[in-house]
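Visitor: Please take a close look at one part of this structure for me. I would like the cross-link first, then whatever else ties the chain together.

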Amino acid sequence: MAYPSRVVRRGLPRIAATLLTSLISTSTLAEGSFQIGLNQSLLDSTGSRDANYAVDDDSASLFVDILTAGEVINISLCGTTETDDLSIEVFDPNNSPVFTTTLTDSNVSCSDPMTGPLATPVRYTSTQAGTYRLVLQNLDGASFFNSLFTRYDVTVTPDAVTNPDPTEAGGRLWSFSWPFNAGTFTEVDATDADYYALVPGGRPGSNYVWVLDLNNLAGLGYSIVANAIGVDAPNSGYSTPSAGNSQRYQFPVYTNPPAIADPLPSSPPAISDVRFRDDAGVDNSISPGTADMIQDTGVFEFTSDVDGTAAIFIDTDRDGTFGDAGDALLLANINAG
């Protein structure tokens with residue numbers, strides 16, 4: 001999560017993992033303003049890029065998982081006003097454009113409580129199963145403050161006659177970067193939304209679903225992304241000021257438990273041959289700062305049986321406790337073997 005003038009928070013590894021696929025609805029599968037918060041305005045594709053929350057087409061888009069050909073994607077939007085012109089583009093699982101439309105007015109009120117069926121969505125009937133990409137634009141927006149949607153909902157229904165219910169849990173909508181303009185840093189503009197990062201489980205056909213449970217987050221301008229290490233090195237794994245740091249998107253972030261999540265892995269990762277070797281070829285020791293500059297550097301080595309993320313804690317304050325505030329944390333993406 002990146003805050004323009006505040007901090008970049010540490011990532012997901014310390015949040016409990018749980019698999020929640022059994023909660024998915026079998027009727028309408030909605031997600032949007034109701035789940036995220038009516039006070040959290042969603043930046044459009046252009047606004048996201050201008051705020052540096054998106055760096056490419058993927059991070060500037062929303063995605064919808066279609067499980068069965070013929071399911072309908074329903075899109076309801078309001079810009080900063082109900083007379084804003086809005087653009088909707090849909091790309092199929094092959095990333096080919098299959099639908100484009102422009103609304104001369106919003107198709108839902110900007111003051112709608114988003115608690116009842118939405119009668120006039122833009123509807124696109126899918127032709128194949130897979131992941132569809134959406135590019136949503138407020139054509140009247142020109143800045144961080146109006147290149148956005150004050151109401152938004154993307155619902156999957158089984159047919160084109162079923163009106164979407166924005167309160168239903170879906171597990172179909174996700175993004176690599178959720179960019180918001182909440183208006184202020186005050187509590188009135190805070191959110192308690194939950195997000196679900198879909199992460200490979202290491203074993204074939206398995207996933208972890210990491211739950212980010214926000215509690216009164218008042219971010220003004222911020223984005224939600226998920227990756228394996230948090231901010232880029234050297235501050236990976238720590239909360240840190242955004243200035244001078246960067247972070248990359250990696251995992252899909254859903255607004256409800258993902259419908260496509262595979263089961264948890266049946267066995268945990270296993271590592272072997274753990275060792276530290278310094279630049280003099282000596283194991284398990286290092287003596288930096290000497291005049292001869294020998295044994296000043298070294299390498300941690302081990303073998304893993306899965307792809308994943310390695311975390312190494314170093315008891316730099318020598319208090320016998322690993323992982324407290326005085327210690328160092330090294331994070332890295334690793335490959336099996």
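**The disulfide and other ties**

Guide: The S-S torsion of C78 and C110 is about -75°, so this disulfide is left-handed. The model is a predicted one. In it, the sulfur atoms of C78 and C110 lie 1.8 Å apart. A search of the whole structure finds one disulfide. C78 sits in strand β5, residues 72–78. C110 sits in the loop between β7 (97–103) and β8 (122–125). The pair therefore ties together parts that are 32 residues apart in sequence.

Now the burial of each cysteine. C78 has a relative accessible area of 0%, so it is buried. C110 comes to 17%. Because buried means under 20%, C110 counts as buried too.

Next, the salt bridges. The count comes to five. One of them joins E71 and R172, with the closest N and O atoms 3.0 Å apart. E71 is in the loop between β4 (62–66) and β5. R172 is in the loop between β11 (151–157) and β12 (173–175). These two residues are 101 residues apart, and the pair links distant parts of the chain. Both E71 and R172 are buried.

Another salt bridge joins the side chains of D232 and R248, at 3.4 Å from N to O. D232 lies in the loop between β16 (221–224) and β17 (240–241). R248 lies in the loop between β17 and β18 (253–254), and the two are 16 residues apart. D232 is buried, at 16% relative accessible area. R248 is exposed, at 60%.

R275 and E301 also meet through their side chains in a salt bridge, 2.8 Å from N to O. Here the partners are in strands: R275 in β19 (residues 271–278), E301 in β20 (residues 298–304). They are 26 residues apart. R275 is partly exposed, with a relative accessible area of 31%. E301 is partly exposed as well, at 23%.

N138 belongs to β9, residues 130–138. Its relative accessible area is 3%, so N138 is buried. The N138 side chain reaches the backbone nitrogen of D140 at 3.0 Å. Leaving aside neighbours within four places in sequence, N138 is in contact with several residues, among them D44, D84 and D85. G79 and T80 are also among the contacts of N138. Further contacts of N138 include N146, L148 and F149.

Key: Residues are numbered from 1 along each chain as its sequence is written. This is a predicted model: local features need pLDDT of at least 70, side-chain atom pairs count only at pLDDT 80 or more; totals for chains, interfaces and linings use all residues. Side-chain values use heavy atoms; hydrogens and water are left out. Helices (H or I, at least four residues) and strands (E, at least two) are DSSP runs, numbered from the N terminus. Buried means under 20% relative accessible area, exposed over 50%, partly exposed in between (1.4 Å probe, protein chains only). A polar contact is a pair of N or O atoms within 3.5 Å; within protein, one must be able to donate a hydrogen and the other to accept it, and residues adjacent in sequence count only if both atoms are side-chain atoms. Contact means heavy atoms within 4.5 Å. A disulfide is a pair of cysteine sulfur atoms within 2.5 Å. A salt bridge is a side-chain nitrogen of Lys or Arg within 4 Å of a carboxyl oxygen of Asp or Glu.
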